[in-house]
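Hi everyone, thanks for coming.

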Amino acid sequence: MLVVGASGNIGGSVARALIHAGIPVRAAGTDPAAVARALPGAQSVHLDLLDPTTFAPALQGADGLFLVRPPAIAKVGPTLNALLDAAARAQVGHVVFSSVTGADTNRVVPHHRVETHLAGSSLSWTILRPGFFAQNLADAYRTDIVRDDRIILPSGQGRAAFIDVRDIGDVAALVFADPVTHRGAGYTLTGPQALDFEQVAALLSDELGRRIRYEPTTALRYLRHVHSQGRPWVQAVVQTVLHTGLRRGQAERVDPTLERLLGRSGRTLTQYVHDNRDLWATAS
Ligand SMILES: NC(=O)c1ccc[n+]([C@@H]2O[C@H](COP(=O)([O-])OP(=O)(O)OC[C@H]3O[C@@H](n4cnc5c(N)ncnc54)[C@H](OP(=O)(O)O)[C@@H]3O)[C@@H](O)[C@H]2O)c1
C-alpha cells in the first residue's frame, strides 16, 4: 500500500493503522530518510508531488494508494491528479483520498477538483471527508499555548467537532482491508463531540495543570498574528477563513458515520490531549 504524506498527520496515522493491521506499507515522502525514521515498520520511497518523474517508480507494484493533499499544494492538476492518472496506468487496485468536509459540493477548495478527477477516472476509490482536526492543537495553536498559555482565534463562541486523525487512520485501514464494500463511497468523518474554545482551554488547563485561556480576536488581528509566526500569507488567509467560519457553525455538526464504520465512538479531544500532553509542556 503506497501512503502519500506518510510523515504528516493523516498519512502517518494511516501508515501506523495499516502496519497495525498487518498490511505492508510503502511510506512516501520527499525525504525518504525522514520517513524511514518516523515509520520504522514501513518501506520508505521517494515521491514528490511536484516531480512527476517520481510517480511511476513509487507506484510500481502497489495494490493500493492513500492520497492526501499537502497544505502547501494548491495546484492539484499537475500534482495530485497527475498522480491519480499514473495510478490508473499502474492499475492500482484501490485509492483512498482524504479530502475535507463539504468538498463534494464546495468548488472553492482544491480537494473538490481531486474528488471530481477521481470520480471520473477508471480507478476504484473511497473518499474520506474529515472535519476539524484535534491535531490542530499541536500545529496551528501550539506556539501560543506553550509560549503564552493561550489560544487566540477569530472563532467567537463557535464550536468544532474535533476528530483525532488516528481515527481517520483506522477508517482508512478498514477500507483497504475490504475495498469492495467501500468502493465509490464518500464518508464524512467527525469526532464525537462539538466543543467551543472556552471548553478546549478548560480541558487543556485540567490536563496540563496550568491555566490556558481562550482569547477571541478579530479576523484581521488573527491574520496578522498567524503571519507574524512565519506562515506565508496564503496559508494565513486560509487559516483565518477556516477559523472565522466556525462562528457560523461550519464545523460543529457531529456525524455518526465514523462510529458506524468503526463500531466504536471516535476518540474524544480529552483523550487526544491526555495521550499527547508533553506537546504543550513549557520549557521550564
Ligand atoms: N487541519 C484540519 O483541521 C483539516 C481538516 C480537514 C482536512 N484537512 C486537510 O488535510 C490536509 C493536510 O493533512 P495533514 O494535516 O496530514 O498535513 P501535514 O501534517 O502537513 O502533512 C503533509 C504531508 O505531505 C508531505 N508533502 C509535502 N509536500 C509534498 C510533496 N511535494 N510531495 C509529496 N509529499 C509532500 C509532507 O511530507 P514531506 O514534505 O516530508 O514529503 C507531509 O508528510 C490538507 O489537505 C487539509 O486541507 C485539514
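So, the lining of the second largest pocket takes at least three residues from each of domain 1 (2-130) and domain 2 (132-163 + 190-284), with domain bounds from an automatic or database domain assignment. Quick housekeeping: this is a predicted model, where local features need pLDDT of at least 70, side-chain atom pairs count only at pLDDT 80 or more, and totals for chains, interfaces and linings use all residues. Residues are numbered from 1 along each chain as its sequence is written, and side-chain values use heavy atoms, leaving out hydrogens and water.

What's a pocket here? On a 1 Å grid over the protein atoms alone, it's an open set of points where a 1.4 Å probe fits, with protein on both sides within 12 Å along at least five of seven lines; lining residues have an atom within 4 Å of a point.

Ours is lined by 17 residues, and Asn9, Ser13, Arg16, Gln135 and Val165 lie nearest its centre. Which helix gives the largest share of the lining? That's α1, with four residues (helices are DSSP runs of H or I, at least four residues, numbered from the N terminus). α1 (9-20), α7 (165-177) and α13 (269-275) each supply at least two lining residues.

Now, how do α1 and α7 meet? Their axes, lines fitted to C-alpha atoms over the stretch in contact, come within 7 Å and cross at roughly 50 degrees.

Methods: Axes are lines fitted to C-alpha atoms, for helices over the stretch in contact, and angles run from 0 to 180 degrees between N-to-C directions.
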